[in-house]
Amino acid sequence: MMKLSEYAQYDAVGLGELVARGEVSPRELADAALRACASVNPRINAVIETWQPELSGIAQAMERGSPLAGVPFLIKDVGVTMAGRKIEFGSRLAQGYTAAADSILMRRFREAGLATLGRTTTPEFAWSGTTESALCGPTRNPWNAAHGAGGSSGGAAAAVAAGIVPLAHATDAAGSIRIPSAASGVFGLKPTRGRVSNGPALDEAIHGLAAQLGVSRSVRDSAALLDAAHGADGGQPFAIAEPAGSYLAQVGAEPGRLRIAVMPQAWGGKRTAPSILGHLADAMRLCESLGHIVEEAELPLGCSWDSFVDASSVLWAANIAAWIDDMAAATGRRIDLSTLEPQTLAVYRTGREIRGVEIVRALDLRNAVTRGVAAFFSRYDLLLTPTLPELAPPLGSYAVGAETMDGHQWTERVIGGSPFTPVFNAAGVPAMSVPLFQDPPSGLPVGMQFVAPAGREDALFRMAGQLERSLPWAGRRPALWTGDC
């Protein structure tokens, strides 16, 4: 039986190499992951449900050369569907709802040989910057259990940070991969719009704002996951160029001398805390020491911050309203405070009142932002910002006063609390959070966001690999860690 202290020291590619050499079996790894979950999850509440994974396709994945064959894996409770397994969207409205079929992305996870063994927590319908739902309760940060793990992929980030699994599925429609990655001290990359399929049920998830991939402890794990996940599905509305080679190979490649713009303050929302600005200055010095050209610059938003928040509110509320109507019809439940949290019900009511012309105007603004971001990257190779303007907030603080908010006010809180991330969902460009630093007083991690032009995940992986080699984070361990069990 594999010891948890041994299991937790490997990343996903490392575990895959053990399987490929016959030093450990997929069953042994799955058993270790389930024991890790049983040991750590009661203290962080990151995993809703576990099961014995299907292992029948792993041999074929090994024959195809998948570096992730046999690796334990978790899926988020939103975004991807697995036939015969529950998907509850973090909501009492959907409690017990079971997916009828695999989504395209789930099929690709299976083809990669990932051993999916459970679901991770998410806030209700994924619309919050913290993972604290009425259905599942709060997900705790493994570095400091008094704080949240971020959202909406907070369960995924906390499970990976704590060593339950090395790699987990995550989604991002306003920062939901990058926010919990920064809060929980893991690596997370949001791909270019259309790089990873949301099909077959969706084409433009949340009108093109949403992307899917995962969170990991090492850069190479996320690269390997994107190698497995990317590609057109024959029905999606976006067509982007396929990569020239594997993303995994990019991690070890030198990025060359890059021109990196730095933006210390976002366009609106919360101002960046002094401690985060100090870490940003450290990141700038690190990039300069690696030979890059680093200079402060402001990315023009192309509209006012208030207009951006308004457009985001329209797109989110309209989509959530349709989502809730469909789920209520499927489960036969009422749409009220017995099934929805106050802020979700408020967003639903806002969404039901939105007119078609408002959606058209919001999409026009999305287009303006996309064009402006593209023009910015004609002058720079990458943009560096803090991922979050402040440290992960204490549990219970995020939704204070939400019961009196309307849907627009809740959206303003969510986007204003993470003002550096949602613009790049609107623009559809790839962006990553890199866990470069740790705040000494609190022990909480600090992530830095790097953004690249559309289609340039390769540039991000090269940069991330260089940063990981220069300032390794693999040796840092949170207070709640599988390897200590």
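The structure is a predicted model, in which local features need pLDDT of at least 70, side-chain atom pairs count only at pLDDT 80 or more, and totals for chains, interfaces and linings use all residues. Residues are numbered from 1 along each chain as its sequence is written, and side-chain values use heavy atoms, with hydrogens and water left out.

Most peptide bonds are trans, and most residues other than glycine have a negative phi. Against that background, the bond from Gly151 to Ser152 is cis, with omega near 5°. Ser152 belongs to the loop that runs between strand S7 (144-148) and helix H6 (154-161); helices (H or I, at least four residues) and strands (E, at least two) are DSSP runs, numbered from the N terminus. Another cis peptide bond joins Gly199 to Pro200, where omega is about 0°. Pro200 sits in the loop between strand S9 (187-190) and strand S10 (211-216).

Positive phi values can be found at Asn45 and Ala126. For Asn45, a residue other than glycine, phi is near 55°, and the residue lies in the loop between helix H3 (26-44) and strand S1 (47-50). For Ala126, also not a glycine, phi is near 65°. Ala126 is placed in the loop between strand S3 (115-120) and strand S4 (132-133). With 9% relative accessibility, Ala126 counts as buried; buried means under 20% relative accessible area, exposed over 50%, and partly exposed in between (1.4 Å probe, protein chains only).

Beyond its neighbours within four places in sequence, Asn425 is in contact (heavy atoms within 4.5 Å) with residues including Ala173, Arg178, Lys190 and Arg193.

Glu23, in the loop between helix H2 (12-20) and H3, counts as exposed at 53% relative accessibility. The side chains of Glu23 and Arg21 are joined by a polar contact of 2.6 Å. Between Glu23 and Asp484, 461 residues apart along the chain, the C-alpha separation is 23 Å.

Turning to the aromatic residues, the structure holds 12 aromatic pairs. Rings of Phe, Tyr and Trp (its six-membered ring) pair if their centres lie within 6.5 Å; planes under 30 degrees apart count as stacked, over 60 as edge-to-face and the rest as tilted. Phe73 and Phe109 form an edge-to-face pair, 4.8 Å centre to centre and with 65° between the planes. Phe73 lies in strand S2 (residues 72-76) and Phe109 in helix H5 (residues 104-111), so this pair ties together parts that are 36 residues apart in sequence. Phe73 is buried at 0% relative accessibility, and Phe109 is buried at 1%. Elsewhere, ring pairs link Phe89, Phe125 and Trp323 into a cluster.

Key:
Polar contact = N/O pair within 3.5 Å; in protein donor to acceptor, adjacent residues only side chain to side chain.
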